[in-house]
Every structure is written in structure tokens, then in C-alpha cells.
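Dear colleague,

Please find below the structure that I am handing over to you.

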Amino acid sequence: MIVERYIPDFLVWLLGPGWQQGLLFPWLLYLVGLLVGGGLIWAVLLGAGVLPGGLRLTSQQSHRLARIVGYGSLAVALLVIVLMGILFTQPPQPALSAQETSKQTRSGGDEKAAQSSAAEAQKATPPETGHSESAPAESSGSSAGLGTILLGPGWTEGVFYQWVGVVSVVLWGILLIGLLAAVIRHGPADGLKAIDRTITEVTEDLLRLSPRRVWALARLAIQEALRRRIVIGFVLFLLGLLFAGWYLDPGSVNPTRLYLHFVLTTTSYLMLPLMLFLSSFSLPTDIRSKTIHTVVTKPVRASEIVLGRILGFSLVGAGLLLLMSVISYIFVIRGLSHTHQISAEMAAEAIRQAQTGGVKDMPVMTSRVHNHRHGIFWRPSESPSSSQPDQMPQGTFWLSMEQGHTHRLTPQPDGSLQVGPPEGNLIARVPLYGKLRFLDRQGNPTDKGINVGEEWEYRSYIEGRTGAAAIWTFEGIQPERFPNGLLVEMTLGVFRSWKGEIEQGIRGSLSVRNPRTGQTEEVLLFTSKEFQIDSHWIPRQIKGKDLFEHFVDERGRLEIILRCLDAGQFFGVSQADLYLRAGDASFVANFLKGYLGIGLQVLLVVGLAVALSTFLSGPVAMVATGGTLLLGFFGDFMYRLATGKTYGGGPVESLIRLVTQENVISELEPSPRTTAAKMLDQLASGPLWAMSKILPRFGEFDCANFVADGFDFPTSMLLANTANALAFLLPVFVLGYSFLKTQELTQ
Amino acid sequence: MTQRERRLYGKISYGVGICICILFLYSLGAPSTRDSSGQVLPGGKLAQLRAEYGLTEANLGEINAAGETIKLATLGLRGVAVNLLWERAHECKMKKDWTGLSATLQQLAKLQPRFISVWQFQAWNVSYNCSVEFDDYRDRYRWVIKGIQYLREGISYNQYEPRLLWDQGWFTGHKIGRADEKVQFRRLFRQDNDFHDWLPLELRDPTRDNWLCGKKCFQGVVQLHEAGHKMKGKSPLLFYSDAPKCQINYADAIVEEGVFDEVALEAWRRAAVEWRQYGKIPIETTFRDPRTGQILFIRLNDKDDDENYLAQAQKHIAALEALAPGLRENLRQQKLAMLTKRERAALETPPAQRTAQEYELALAAERKIAVSHEELAQRIEGPDRPKALQLAREAKLAEQMADYIDRYRQIVNFEYWRLRCQVEQDPKTLQARKYIYQADQEALINLPKALESYQKGFALWREVLDSYPQLLEDRTTGEDLVEVIDRYREHLGRISEPRLPPDFPLQDVLDRYGQKGS
């Protein structure tokens, strides 16, 4: 599977690579967890009516509390801004600390790579690389200063801190603009009073949210959705599945991937516009038809109306998604289900082939179903059993892997074989990925392998029969986790610089190495298999030595070294091309994770559409949300556009090339037009960059690839996606609430 | 005019407008039908165009509902969708996402089923570019076949399009039979039951040889072309040669694989017959008859007939010169006298002794003193003049035709292949090849015996070359023999000096083609 981004641990992603070394951890974490968990439980219980009422405060007490919390929050935000100012205006330190390394990398464009490199810098590198063991203490005296001591080295990489920083700046920005407007409108004294009133009211509204009222409003939203025939979306989905057979070829290279991709993508393509339409028109229609009056005349807060809608529509979306996931699962299972026929003659021929020295080109094949056949293989059993028919030599039959699956075979009394349902296609491997580094032809450490001229630079190549090697460092290798040894799975690329032996694959070797002691042992010689998962066992005992005693260091680290053994030939590898299979997760759970990813996208769309519809008309809100959605899908492209990493220049330059049919590589002729275009692009790059950072990257919520390729979607990514969605929704909700509050009808 | 009248006239004008539109639409879109006598009525313009370009889906069962639905689903944005799919196909190929590529190609096909270039480009992409991405030769073979299957799908939408069938023939013949992995590919092709069962009956061959299967496709192309579905973008000279060339390649391939019995002889015999038949086909040229302005047709065999164009030309020239004996020479002498001193000197210098400048001058002088037939006829006065002019024209045309035939024969290397077919039927050639084949097989097992086989093979080759000295005029055979000699020398080097004996029978071949770049 293609994993182009490094997948960090959730807490590393959230709090930075060195969070564990911060003085405030783990106690701060426990405290936050307690507060959030407790608050949620309290809200749920309150909403469900288990707890009687909320806090009993008088109106004056409530105002006072709101003012304290409101101003307190502003003070904290200001403090954050000041700290950020100090941090970012400090001159850079000469020593290359962990977080500096990561910052430099980030300026290169890939934050996650930066995190990984920062994390890498923290960890002890093997002696072979020539790097010294970097100590986290080194960086404690550098730029981050107090932050590093309290929050750990590299804390600035934690997205939580980044989010707090951005929210603080935005909060104060809005406050200052509001203050200016109020002072101009009402004069200094009244303006300040108005701002004070707003801060207090907003804080009070947010603090005194009633889960019960929110739930009641959410139910109204659900009823509205049902009234608006939301079920049509489901019917469309069913229709889509009915006709999907026309387009989906169960005989394709990997039908499982095709089917899973189809159901997940169709769901996504159907649900997002549906929810967009539903949530964009809800509030504007109510306002236009004045039915909102029946709500606002009740004792409800504007914040509750917004939150109620978001919650209600999200629940409708969740319900639909759940239904769709069940139907999709049945569709996939039914679509892929098939069996083959193996007659007694075929079975006998397979045995004959095995007994006469194996197969050269084509083994005996099963019947053809779903545009494929499986090769039938046989090996004699080591301990003969009496269960098989007498006329047949005793042994085991198995089928070759085709289209990502195989079948179980059961010998029949008449000598034929009964073929079971497909196996091995609907799985969720749990991979343990390692960190990849390279050695060049001379055996010296290098950043990358050789580029053999491929347009896509995902894989780096190592040359055969030279010092070149690809080395993966794995962590968390414990005997309890891998009691029988390590199951290594590889998907290597092969590049031949000369024809070589056509009928012979390229040979390679795998060795294990202790990163601390350097003790190395070759454990496996293999012949490459391209474009399929090639599995090998590294046994617990290697030439009389225990794997964990001799090759895994005390920090649970192990290195696996890959070499190509044929001169002039190359192996291509990327970080995710070799992993340790740490068991299998439930496919159904993974399938649901795929739908959860779509659910998060739906949540974002609903939140944004409801917030925008508080001050825009239905169609405009829909277009605005749709635009945001579209831009969000192209967030990565926008970032590259803003940072000049695309071919053909910025938007204006690209437009010129489009009209004049210039290619994207050659420089434009120097002219006033070109200069003007470049200047405009320079101007546009700032907003583009900001948008790429602020808008949620919808594409990253999509985990269809993981599900379709048979890999467990990492929990850390799921948590990160959820946190991302919530982090975006919170300010969106506040925005929606603020606008609704200013509407005359809710006053 | 009252309000009511205005409304009435308005309605009438709308009605007339609608009727005109309906009539126009009917003239465009009326379907092709049959009258009571079973006569086909051509229908509207669109129906006629559909019939003309072979776009009609004759039976309801052939209508591709998926394609039609997907076209409708794009809501008129088919162009945009196609663009995106092409991009995606490229990205899938770049990222080696073969599942994605296959699915994208299917979608493209459903969106653009009549766009021949899509089928051609993507089938080529699959068979040639994607297949080489795989390291395992069996995977490579599968992807070559996938490309062919994609072409077949295209053919099912465009039955009367010879280009796709030609591509199928090319892929089947040349991709499988000329690749580095041709030994493995040809073997797998013969074993591929699924593929041969899937092929339409008219394209199956009992031998399951890729060249013969390819030949059937090329024969189909010729049939389509002759039925009026013109083969675009390819010269008839070339696509008429494809089928007989496949027979030659088949014969060549089986001999290379060690078949030296009657099967091989029969294959070469058949190749000779087919090549001869190819020479009899009237081939459309790019030249026009100066008298009528019509396109000229030639037959490659015409050069070898007793009454060939060159002989006709000579006959006409002789008749023309007989009308005014000595006039041509007189005219030539007059022109010679008008040459400059330097030109005359250059012309008088024997060609081998001319300098570069003299060579140029002599060439120009030759052109100046040449007397054309027309010039000669123009000088003839009296009652013979019309006859002379007629003879001059006919002589010129016959000479031109002979020249065209010569040029076309060179393009397809006509004479060489005809000779090859003849030589390969000679039992001596077959025996010589058998010795060389045996020697190659024995080289790693029994070297002395292998060397002996090589020597026998070379001796026989000497006899073959003596019998057919023209065979070495083309470098193909010469270079093939040099490769064999190199192998022999390599094996010789394993036991002694890799030096050839002084009386080595193929020394002349080595001298002629042994040097790289010679």
C-alpha cells in the first residue's frame, strides 16, 4: 500500500515529539482528560435527564461568572500571543536541536515529515550512521526555553499548541476589530460597554449551554430532515449499488480493492452533497418562513439552536452512514463471493506435476470464474494420514494467490476438490512500520537511494551486489507481541538495468541487526515478487541465537537490512514497503472506520453549512460550503501553489500558460505581462497559504485506501482526524452562534 | 391590430417555428427502417452518417447500457470527465496502481467508445508500457494480453474499424514474437487456453502460434479495407505485406525453436506462395497518371514479368528513335558543344579519378546533355510527329512506373524476402540451420561435438551462399551468420585460442559484416 506520509503517534502529533519529557506531563494530560471526560459524562447525563437541572445560579452570579471566564480566556489568549511573539522573535541557536531540525524540514513543506525527523533526532541513531546519540536535554536550553522544560522538546510541533496559538490570534483579532467598530459607532465609553456586554453574554451563552435543550433542538432537526425526504439519498445509494454491477469488474486485478473503493467513494460522493444541501437550507428556510419564531420565542439560546442543528443533522448523517455501511458490506461480500471447480483429473494432474519436478510456466488451473483461475499445487505430506482416498497420494493441496485471494480446498471422496469461499481478501493487517534509511554503494549512510529515472519518486533504489542497503529500524519489538518470531511483509519494486535471467526473479537478502551492539545475521534469501505482498518469517531462533536476546536492544529496537544480490539490478523501496505484521484487526471494524472517516467529513460539512447559513441565504451558504469543501480537497495543492512548488507558476501565470498554450516547464518570455503575473501570484500566495492552513484537508479524512488495501486504519490517525474535525468545528460553531445572535429575530 | 389578434399571430408564428424545428429534427434524426418489401430506407442524416461510419448498434443486445448511462450521468460534461480520467490513468500508471488503471480504462472506454485513438493509445500503454513494469515474465505476458483484450473490446464497439484489428495483429505478432521474452511469451501464448477460447472463431489458429494468429488479424484488415472500410494512416503497400510477413516470421520462428521437419518446409513454402501473391496485388500508390489524373496502381511482381514496364519503355524508345535515326545523338552532341570547358573536362575525366568538384560538375553536365524523349519527339517534323509524341509519352510513363515499382519494392525489401523464402525451402539451408541449432544446444554439454556441428553447419552455409550469392546483398542474413560465428568463436575459446582456421568457409561473410558498423 502507498503510504506517502509518515504516521506519527497521536500524542506525538498532538503535543510534539518530546512531550513525555515535559515537566507538566503526564499530570497535565491526566487533568485535561479528567476535565474533558467528566464534562462529557456530566453533559450526557444532564441531557438524558438523569441529573436534575444544571447549576443553580442567580442571574447576577451567572453574569459575574461569565465575565470572569470570558476575560480570563482573553487574558490566556493574550498570554499565548505574547509567548508566541517571544518565541518566534528569538534569534536561532547555532546548535542544531531537535525542534530546529524539524522546523527546517517544515519550511521544506511537509509538517509530518518534520515531526518524524524531529522524532528521529530524539532517538538514538545506530553507530553505523555516525551520528551521536542525541540527548533531549541538549535542546532544553535552546529556543523553546521554558516551553521545552514544561512541555518537552519539540513542543512547538504539537498541533494542539499551534491550534491554541491560531485561535488566540483570531480571538484577539475579532475582539480588536469589534472594539474599533463599537468605539466608532457608539463612542469610547459606550463602545467599551457594548464590548463588555458582548463578551459576558457570549461567554454566558456558551457556558450555560443546556444539553437537554440542545438535544430537543437536535430532535427537531432530525424530524425536519426526515420530512425533507432525506431517505431519498439512501434510495439513490441503493440504486447506485443495483447498477454498480455494470461498472465493477469482479475479474479486475484486485476486485476487493475495487469494490471497497467503490462503496466508500460512492457513499462519500452521495452523502456530502446531500448533507450540504440539507444543512445549508435549513436555517434560512426557517428564517424566511418565520417558523424560527416558534423556536426563538422559547427560552433557548442562539448557541443551542446552532449546536442543535449541527448535532441533529450529524445524527441523521450518522444513521444514514450506518445503514449504508451495512448494505455496502453485504454488497461487497456478495459481489466477491465465488468458488471454482476442480475435477479429479485436475487434482491428479497437479500431483503428477509436483512429482515430476514442479511447474515451469503454467500449473494446472481451476475453472475460470470472475475472469481468473488459480494454480493448483500439491505437496506430499510428511506424516501420512488415513483420511484421504487410498488411490490418491497423501499430501496437501493449495491454490495460488490470484486477485488478492485464495481458497481453502477440501478433498472429496471421488478425488475432486471442493473449493471454499475466497480467503485473504477481506482483512485488516496491523502493520508495524519502521523508520527507513539507506546506505550507498560504498556502504556509507545516505538520505536516499538511487533514482532509476521514475517520474514518481516514492521509491528509492538500492543497487545489487554493492554496499547499498535499505535499513528499517523498528521499535516496540517485544517477545510478548511477537512470541513466534517476526512476520515480515514486503512489496518491493524491481528495476533491471540489464535483461539478466528472464525466468529468474532478482535475488535479495534480509538480515537482522541489533542497533546497539551491531550484531548482524543474515536470516533470509529470497527471490523478489513484485506488486504483491511477499511474506516471510524471521524465526525466534536464528542459528542458535534468540532473536530478542541478541538482535533486539533493551529499548525494543531491531533493524532489518535489505540487500539486492544480483549485480546491476535494483530493488526499490519506500518506508511502508517493508513492515512487521503485528497481527490482524477485525475487517468489519476497519470497514466501519472507513465510514467513520466519511462521518467526520459529514460532520465538518454540516457544521460549516449550518454556521454559514446563520447569516447567508440557503443557496449562497451551500455554494460557500461547497467551495470550502472543494478547496479543502485541494488543500495540499493550494499549499504547493502558495509555496511555489507546482509546475507552471502561480494562478495568474498558469492562466496565461493556459490561454497561450505554453508548456508548464519553460520559463515565460520576460515581458511586462510576465512581471505583472508574477507579482500578482506573489500577492496571491499569502491568502492561498493561509487558506491551505485554515481549511480542513478533507482528503485526509478519507481512509478508503487503507480499508481497500487490507490495512488496519491506525487508531492514531483516526484520533488525529477526529481532533482535527473538532478543532475546526469549535471556531465554526462560535462563528455561527455569533452571527445568529446578531440576527434581529433572536434578540 | 388588437391585443387578441397579436396573441393569435404570435401563437401561429410559434406553431410554425415549432413545426420547422420538428421537420429539421426529423430530417436529422429519423431512424433507418425497412419498408413493406424489406427494402432498407436510409433514414435521416444522422442515421446515414451512422451507417456510413459503421456506428450502428444493430441489435438491442449490443447497445451498451452502461456506457449510455455513464454518458448521461456526466450531464453533458463528458469532455471534462474524460480529461480527468486521462489524468487519472496517467497517475495510476505512474504510481503503478494497476487496479486503478484498469478501472479507469474501462470508464474511459465507456465514455469514448467511438474514439479510436483512445483504444489504440491505451491498449498500447497496457501492452507495451505497463507490461514492462513487471519483473515476472508471466505478469508481463498477462499485461500484453490485457492490452489485446482491451483492443478487442474496442473492436466490439467499432466492428468496421481496421486500425484496431491491425493493432491486434501487431500486438499478437510483434509484441509477443519480438520481445526480449519472445521464447517465454510464445510458449505462454500456446498454453493460454483462456485466450484462445476467448478469441472469435475467425481469428483462432489451430497451431496457436502468435504469428499465425496475428496473420489472421492482418487478413481481416485487408478484407475490411477491400469491403470499403478504408485503412487510414497506413500505406496499402505495408498493410498488404503484414499477413505474408507474419507467415515468414512464423516459419523463421519455428526453425529458430528447433523445428526442422516437413512442418518448417511447408511453412516456408507457404510463405513463398503468399509473398508471391502479395506481389500480384494491385497497390495504390501516391502517384497520379499524368494523362488522366487518376491514382496509379502497381503490382510488385510486374518488374519480373516478360512484359514489364522497363521492357515496354525500351520498346517505345526504340520505336521513337527509329522514326529519326541518329537524332538523339545529334542533339546530345549539340548540347555537349554548349558545355563550358571545365564541364567538358570533368565529364571526360574517368569517374574514379574525379575530384569532388569535378564530380559535381560532371553530374550537372550529364543532366544538361541528357535528351528527353519529349525533346526528341518535338524535333521530329512531318507526319510522324504525332506518333513520336505519343511514343515519347508512353516511354516516359513506362519508365516512371518501373521506377515506382522499384521504389516500392525497396520499401518492403521485396526481393530479399522472396529470395529468403526460396533459400529456406532448400534442404541444405534447413540442414545448415539444424547443425547450428544442435551446436547451440550441445555447447554446454558436449563442447567437441558442438564445435563439430558448428563446422558442419558453416560448411553447408558455404554451399547455400554459393548457390544464392544474392542472399548476402541484404545485411540481415550476413549479420545473423556473424552472430553464430561469434558464438562459435566464444566456444572455441573455451578449449583453445578463439582464432578461426585460415580456411574458414564463411570468412567472406565475416569480412563483409563482421566489423561493427560496417
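The centres of domain 2 of chain B and domain 3 of chain B, taken over C-alpha atoms, are separated by 46 Å. In chain B the assignment gives domain 1 as 72-288, domain 2 as 295-409 and domain 3 as 426-513; such bounds come from an automatic or database domain assignment.

Please note that this is a predicted model, in which local features need pLDDT of at least 70 and side-chain atom pairs count only at pLDDT 80 or more, while totals for chains, interfaces and linings use all residues. Residues are numbered from 1 along each chain as its sequence is written, and chains are lettered from A and ligands numbered from 1 in the order in which they are written.

Chain A as a whole

Chain A contains 22 helices and 21 strands. These elements are DSSP runs numbered from the N terminus, with helices being H or I of at least four residues and strands being E of at least two. Chain A has 747 residues, of which 35% count as buried. A residue is buried if 20 or more other C-beta atoms lie within 10 Å of its own, exposed if 12 or fewer do, and partly exposed in between, with C-beta atoms placed from the backbone. Among the contacts in chain A with a separation of 6 or more, 75% are between residues 24 or more positions apart. Here two residues are in contact if their C-beta atoms, placed from the backbone, lie within 7 Å.

Two sheets of chain A

The open sheet β7-β21-β12-β16 of chain A has 4 strands in that order, with antiparallel pairing. Two strands are said to pair if DSSP finds at least two bridges between them. β7 (428-433) and β16 of chain A stand at the edges with a single partner strand each, so one side of each has no neighbour in the sheet. The twist from one strand to the next averages 45°; axes are lines fitted to C-alpha atoms, for helices over the stretch in contact, and angles run from 0 to 180 degrees between N-to-C directions.

Going through the pairs of this sheet, β7(A) and β21(A) run antiparallel and are joined by 5 bridges, and A:R429 stands opposite A:D584 in β21(A). Between β12(A) and strand β21 (residues 578-585) of chain A there are 3 bridges, again antiparallel. Strand β12 (residues 485-490) of chain A also pairs with strand β16 (residues 534-539) of chain A, in the antiparallel sense over 6 bridges. A:M490 has a partner in both directions: A:L578 is its bridge partner in β21(A), and A:D534 stands opposite A:M490 in β16(A).

Another open sheet of chain A has 3 strands in the order β10-β20-β13, also with antiparallel pairing. Its edge strands are β10 (460-463) and β13 (493-496) of chain A, each of which pairs on one side only. The twist of this sheet averages 30° from one strand to the next. β13(A) pairs with strand β20 (residues 569-573) of chain A over 4 antiparallel bridges, and A:R496 stands opposite A:Q569 in β20(A).

Nonpolar cores

A nonpolar core is a set of buried Ala, Val, Leu, Ile, Met, Phe, Trp, Tyr and Cys residues joined through C-beta atoms within 7 Å. The largest such core has 82 residues, of which A:M275, A:V306, A:V605, A:V606, A:A609 and A:V707 touch the most other members. Helix α16 (residues 587-613) of chain A gives the largest share of this core, 15 residues. At least three residues come from each of domain 1 (10-203) and domain 2 (209-336 + 587-639 + 703-746) of chain A. Leaving aside neighbours within four places in sequence, A:V707 is in contact with residues including A:L260, A:F591 and A:F713. Another core, of 79 residues, lies apart from the largest one and has B:I145, B:F185, B:F189 and B:A272 among its members.

One residue in a helix

A:L688 is found in helix α20 (residues 672-694) of chain A. A:L688 counts as buried because 21 C-beta neighbours lie inside 10 Å. Apart from neighbours within four places in sequence, A:L688 is in contact with A:M638, A:L641 and A:A642.

The contact between the chains

Chain A gives 24 residues to the contact and chain B gives 23 residues. On the side of chain A that touches chain B, α10 (231-247) and α11 (255-288) of chain A are the elements that give two or more residues. The largest share of that side, 3 residues, comes from α10(A).

With kind regards
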